[in-house]
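Here's a walk through one protein chain, going from the overall fold down to single residues. Have a look at the model first, then read on.

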Amino acid sequence: MNEKKKRLFQKKITAYWHTDGRHHLAWRQTSDPWKLLVAEVLLRKTTSAQAEVVFEELSKFTAGDTAKMPIHELERMLHPLGMSKVKAEQLKEMAVKVKDADLDQMESDEFLRSIRGVGRYISNSVRCIAFGIPAPALDTNMIRIIERVFGWRSERARAREDKKLWQFAATLVPENACRQYNWGVLDFGAAVCTFRNPKCGICSLQEICDYYQKLAVQSSEQG
Ligand code: SF4
């Protein structure tokens with residue numbers, strides 16, 4: 001794959017983060033791995049705005065406090081997000097596992113992924129934000145953007161399980177700016193390169209995007 005294009009992609013995504021990223025989100029003000037795990041649980045199937053209110057309340061508690069908290073108390077706090085029973089049980093289980101973990105364990109992909117509900121995406125996201133490890137937070141946004149910009153086609157029915165895609169995504173993460181990059185991709189996918197009706201007309205990635213170049217060729221052929 002064209003290295004120059006990869007570097008330009010990194011540069012444009014991190015530039016997007018600096019100018020348009022959602023810097024204000026509460027979980028972007030912390031590098032505490034426990035709080036980052038809490039945010040990931042809260043964000044499942046809910047909006048950032050809803051999750052933020054609950055995060056403010058729950059992030060006051062350490063993993064040790066949360067492990068001791070009665071489950072009905074956790075459910076009460078999680079109620080506004082829906083799925084409160086499932087999320088409460090998951091948080092409690094996570095807290096029990098994490099409360100005595102040291103920083104070496106929290107930095108370990110193996111340890112994080114031994115926690116129920118933590119897969120490669122959450123592990124990478126937490127290790128990048130908390131410890132600066134250049135690992136890709138490959139979620140549906142990042143997959144969609146990689147497919148469009150680099151013309152990537154997964155051989156797997158579920159692209160998220162494609163090892164080659166994870167390997168490729170890892171080559172795109174800048175060593176010294178993984179946080180800005182992972183956050184940038186997320187925010188860019190939520191606001192510009194959206195699932196439906198991507199805003200190609202105002203996109204800063206036009207010149208390096210395969211999808212955009214194909215659209216341009218098609219419209220010149222039709223016009
Ligand atoms: S040009 Fe369109 S498809 Fe390409 S990255 Fe931008 S918004 Fe996405």
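## Fold at a glance

Reading from the N terminus, the elements of the protein chain go α-α-α-α-α-α-α-α-α-α-α-α-α. That makes 13 helices and zero strands, where helices (H or I, at least four residues) and strands (E, at least two) are DSSP runs numbered from the N terminus. The radius of gyration is 19 Å, close to the 17 Å that the globule rule gives for 223 residues, so the chain is as compact as a globular protein of that length. For that comparison, the radius is taken over C-alpha atoms, and the rule is 2.2 Å times the number of residues to the power 0.38. Along the principal axes, the C-alpha atoms fill a box of roughly 65 × 35 × 35 Å.

A note on what you're looking at: this is a predicted model, in which local features need pLDDT of at least 70 and side-chain atom pairs count only at pLDDT 80 or more, while totals for chains, interfaces and linings use all residues. Residues are numbered from 1 along each chain as its sequence is written, and side-chain values use heavy atoms, with hydrogens and water left out.

## Surface, charge and contacts

Of the 223 residues, 48% count as buried; here buried means under 20% relative accessible area, exposed means over 50%, and partly exposed is in between (1.4 Å probe, protein chains only). The chain exposes about 11,700 Å², with carbon and sulfur atoms supplying 52% of it. Those areas come from the Shrake-Rupley method with a 1.4 Å probe, and for residues only the protein chains shown count as cover.

On the charge side, the mean positions of the 35 positive and 28 negative charges are 4 Å apart. Lys and Arg count as positive and Asp and Glu as negative, with His and the chain ends not counted; each charge is placed at NZ of Lys, CZ of Arg, CG of Asp or CD of Glu. As for contacts (heavy atoms within 4.5 Å), take those with a separation of 6 or more: residues 24 or more positions apart account for 62% of them.

The largest nonpolar core has 69 residues, and Phe9, Leu37 and Ile146 touch the most other members. Its largest share, seven residues, comes from helix α2 (residues 33-43). A core of this kind is a set of buried Ala, Val, Leu, Ile, Met, Phe, Trp, Tyr and Cys residues joined through side-chain atoms within 4.5 Å.

Now zoom in on α10 (140-150). Nine of its eleven residues are buried, so α10 is largely enclosed by the rest of the structure. Among those buried are Asn141, Arg144, Ile146 and Arg148, and the cover includes α1, α11, α12 and α13. Leaving aside neighbours within four places in sequence, Ile146 is in contact with Leu138, Gly151, Trp152, Leu165, Phe168, Ala169 and Leu172.

## Buried residues worth a click

Which residues does Cys193 contact beyond its neighbours within four places in sequence? They are Arg144, Ile145, Arg148, Phe188 and Pro198. Cys193 sits in the loop between α12 and α13 and is buried, with a relative accessible area of 10%. Asp162, in the loop between α10 and α11 (163-171), is also buried, at 6%.

Gln10 lies in α1 (residues 3-20), is buried at 10%, and touches Thr171, Leu172, Val173, Pro174 and Tyr181, not counting residues up to four places away.

## Two positive phi angles

Most residues other than glycine have a negative phi. Met83, in the loop between α5 (71-78) and α6 (84-98), instead has a positive phi near 50°. Met83 is partly exposed, with a relative accessible area of 41%.

Asn197 has a positive phi too, near 45°. This residue is in the loop between α12 (178-191) and α13 (210-222), and is exposed, with a relative accessible area of 66%.
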